[in-house]
Structures are given as C-alpha cells and as structure tokens.
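Hi,

Here is the structure I promised to pass on.

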Amino acid sequence: NYNTGVGTTSSGEPVRDMCSGVEVLFGDNKNAIYSVLHSRSLEEAGKTLLGRLSKFSGCDPEAALHMTPDYVKSILEPLGLLDYPIVLITDGQDFAVIQRLLNDPEIAPKLRLVSEEATWIGGDFTVA
C-alpha cells in the first residue's frame, strides 16, 4: 500500500510511504499550512512550453526557472503565505536557486527542504 509504505511493487521492490515527506517536515500536524516551490531545471521542451504559455498569460517565461526571492514574495505575500513554512522541492540541478532563497532574510527563516532520505517522487507529490 503506497499510502502507508507497506507491501511491494509489481516488480517486487518495497513501496515507500507517500506521506514520508510531509511527516519529516511537520510530524503529526495534519493541519499544517505551507507553500511549496518547485525548482526544476527544464530541458528545451519545457523552456519552449513556458515560452508559449507566457505569450498567452503575460507571465515572464524565465521567472519560474530562476525563482528569485522577489518573484516568490510577489506570489506568496498577497496570499498571506509568507507567514508560514515554504517547502522547496528541487531536482538539485540549480543550486543558485536554493542559495538565493537562503540569502533572503524574509524567506530563509521559513524555508524547509525535505531531507535526502525522505525525498522521492511519491513523497514529493504528496508534499506538493
């Protein structure tokens, strides 16, 4: 069962608990309020898609890739979410994103990273 991490996959591998990322970050708090930032590097197809979407939305095609503190705050502040934890899910390919966020005095105290042993695709999906 993927929800509890009991059992095996169809290929015989042990399943992992889908809630592992949330539990590492918030323990038993099932009412935690938090935001999730997805820092993923995109290959050319992803960048092309962002470029096309920006033409229709008016959004900056690169801002989501660079994830600057001002960009993050411009989204979270109007929603009142700067008062709560900010979880960063990353593929680790652009360490500059993490560094920029850690250097921001407003974001850094709220920033949480899922530990390496709890990071996996299912757990990351559940956190998001």
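Let me start with a definition: a residue is called buried under 20% relative accessible area, exposed over 50%, and partly exposed in between (1.4 Å probe, protein chains only). By that rule aspartate 70 is exposed, because its relative accessible area is 61%.

Before the rest, some ground rules. This is a predicted model, where local features need pLDDT of at least 70, side-chain atom pairs count only at pLDDT 80 or more, and totals for chains, interfaces and linings use all residues. Residues are numbered from 1 along each chain as its sequence is written, and side-chain values use heavy atoms, with hydrogens and water left out.

How confident is the predictor? Its confidence in each residue is the pLDDT, from 0 to 100. The mean for the chain is 79, with 76% of the residues at 70 or more. Among the elements, helix H4 (residues 69-76) has the highest mean pLDDT, 94, while helix H6 (residues 121-127) has the lowest, 54.

Now the layout. Helices (H or I, at least four residues) and strands (E, at least two) are DSSP runs, numbered from the N terminus. There are six helices and three strands in the chain, and their order from the N terminus is α-β-α-α-α-β-α-β-α. Of the 128 residues, 30% are buried. A contact means heavy atoms within 4.5 Å; among contacts between residues at least 6 apart in sequence, 68% join residues at least 24 apart.

Next, the largest pocket. A pocket is found on a 1 Å grid over the protein atoms alone, as an open set of points where a 1.4 Å probe fits, with protein on both sides within 12 Å along at least five of seven lines; lining residues have an atom within 4 Å of a point. Its volume is about 280 Å³, counted as the space filled by probe spheres set on the points, which are joined across faces, edges and corners. The lining has 13 residues, and those nearest the centre are Leu37, His38, Ala64, Met67 and Tyr71. Strand S1 (35-39), helix H3 (63-66) and H4 each give two or more residues to this lining, and H4 has the largest share, with four. By type, the lining holds 11 nonpolar residues, one polar and one charged; here Ala, Val, Leu, Ile, Met, Phe, Trp, Tyr, Cys and Pro count as nonpolar, Asp, Glu, Lys and Arg as charged, and the others, Gly among them, as polar.

- Methionine 67 sits in the loop between H3 and H4. This residue counts as buried because its relative accessible area is 5%. Its phi is near 50°, a positive value in a residue other than glycine.
- Serine 35 belongs to strand S1 and is buried, at 6% relative accessibility. Leaving aside residues up to four places away in sequence, serine 35 touches Leu76, Leu81, Pro85, Ile86 and Val87.
- Aspartate 70 and isoleucine 107 are 37 residues apart in sequence, with 9.9 Å from C-alpha to C-alpha.
- Arginine 112 is in strand S3 (residues 111-113) and is partly exposed, at 33% relative accessibility. Between arginine 112 and tyrosine 34 there are 9.9 Å, C-alpha to C-alpha, although they are 78 residues apart in sequence.

Cheers

Definitions and conventions: pLDDT = per-residue confidence, 0-100.
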